[in-house]
Amino acid sequence: MAFHIRDNRGEKRESNQMVFGIRAVIEAIDSGKEIESLFVQRGLSGSLFLELKSLLKEHNLGYQQVPIEKLNRITRKNHQGVIAVISPIVYHQIEDLLPTIYEKGEIPFLLMLDGVTDVRNMGAIARTAECAGVHAIIVPRKGSAEINPDAIKTSAGALYKIPVCRQDSLGKVGRYLIESGVQLVVSTEKTQDSIYDIDYTVPTCIIMGAEDVGVSDDLIRISDKLAKIPMFGEIASLNVSVSAAVVIYEAIRQRSK
């Protein structure tokens, strides 16, 4: 069913699709629905719930344990202690996408987001990436912004158009990309090299991190290049969506020559 909320003016606007009840959630997963998030009542038990837990393990899906009061605030329906939020997009796997990019004779241009959790930043980055012709955005299964109506709206619909790859391990994906001939370029202040010193005309994956902690050390260790955006003001930092746009369009400038 579609779930609606009202904004500050009392107008109804669309939100995520939600599925209530253990059996309904099991059927949604079995049918191939993409689960964006899953809320489970603390202390829930029973054979049907054990069946759901087994299915979640099979599909490598996590869930949040929450008090029943939170579930009751979401819906007054008989949720049986389980509410699933269905993703508005279909996720992809980079292992399936990358070969097709090469087969088309195109030079892979990818964007990886490590720990970007703000949905509006996600939407803004996706909008820039789609406009720039980025082939795909790679995000972690855990610790990433939800793809929800706010993200979709901020992206101006770009999240419906650009493939988003939700992966279990960004480190594992990074090593796969390197083995596939794609250089990893981390945007970070932990270097003296400028983003303008990097050659983006080769197969490239740009990696952006959260504004507070940046890109993880694990990804930095395996990356090919570290690059920083030159700063000349007193604040010396940019919003991650702005930073992503700066680096992406330097790559576009080079590739357009």
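Predicted model: local features only at pLDDT ≥ 70, side-chain atom pairs only at ≥ 80, totals over all residues.
Reader: What volume does the largest pocket have?

Author: The largest pocket holds about 420 Å³ of space.

Reader: And which residues lie nearest its centre?

Author: Ser187, Thr188, Glu189, Ala210 and Glu211 lie nearest the centre of the largest pocket, out of 22 residues that line it.

Reader: Which elements each supply at least two residues of that lining?

Author: Strand β10 (204–209) and helix α9 (240–255) each supply at least two residues of the lining of the largest pocket.

Reader: How do the lining residues divide by class?

Author: The lining of the largest pocket has 11 nonpolar, six polar and five charged residues.

Reader: Turning to the second largest pocket, how much space lies in it?

Author: About 340 Å³ of space lies in the second largest pocket. Its lining has 20 residues, and those nearest the centre are Glu36, Ser37, Arg141, Lys142 and Arg166.

Reader: Which elements give two or more residues to that lining?

Author: Those elements are β3 (35–41), β7 (136–140) and β8 (164–167). Strand β3 provides the largest share of the lining, with four residues.

Reader: What about its division into nonpolar, polar and charged?

Author: The lining of the second largest pocket comprises 10 nonpolar, five polar and five charged residues.

Reader: A change of topic: at what angle do α1 and α2 cross?

Author: The axes of helix α1 (residues 22–30) and helix α2 (residues 47–58) cross at roughly 25 degrees and come within 10 Å. Angles under 35 degrees count as roughly parallel, and α1 and α2 are therefore roughly parallel to each other.

Reader: Is that crossing left-handed or right-handed?

Author: The crossing of α1 and α2 is left-handed. Helix α1 makes the contact through Ile22, Arg23, Val25, Ile26, Ile29 and Asp30, and helix α2 through Leu48, Phe49, Glu51, Leu52, Leu55 and Leu56. By class, this contact of α1 with α2 has nine nonpolar and three charged residues, with no polar ones.

Reader: How do the axes of α4 and α7 cross?

Author: The axes of helix α4 (residues 94–103) and helix α7 (residues 170–179) come within 11 Å, crossing at roughly 20 degrees. That angle makes α4 roughly parallel to α7. The crossing of α4 and α7 is right-handed.

Reader: Which residues meet there?

Author: From α4, Ile94, Glu95, Leu98 and Pro99 meet Val173, Tyr176 and Leu177 of α7. The contact of α4 with α7 has six nonpolar residues, one charged residue and no polar ones.

Terms used:
Residues numbered from 1 in each chain as written. Heavy atoms only, no water. Axes fitted to C-alpha atoms, helices over the stretch in contact; angles between N-to-C directions. Parallel < 35°, antiparallel > 145°, perpendicular 65-115°, else oblique. Left-handed = near helix turned anticlockwise from the far one by under 90°. Contact = heavy atoms within 4.5 Å. Nonpolar A, V, L, I, M, F, W, Y, C, P; charged D, E, K, R; others polar. 1 Å grid on protein atoms, 1.4 Å probe; cavity = no way out; pocket = protein on both sides within 12 Å on 5 of 7 lines; lining within 4 Å. Points joined across faces, edges and corners; volume = space filled by probe spheres on them.
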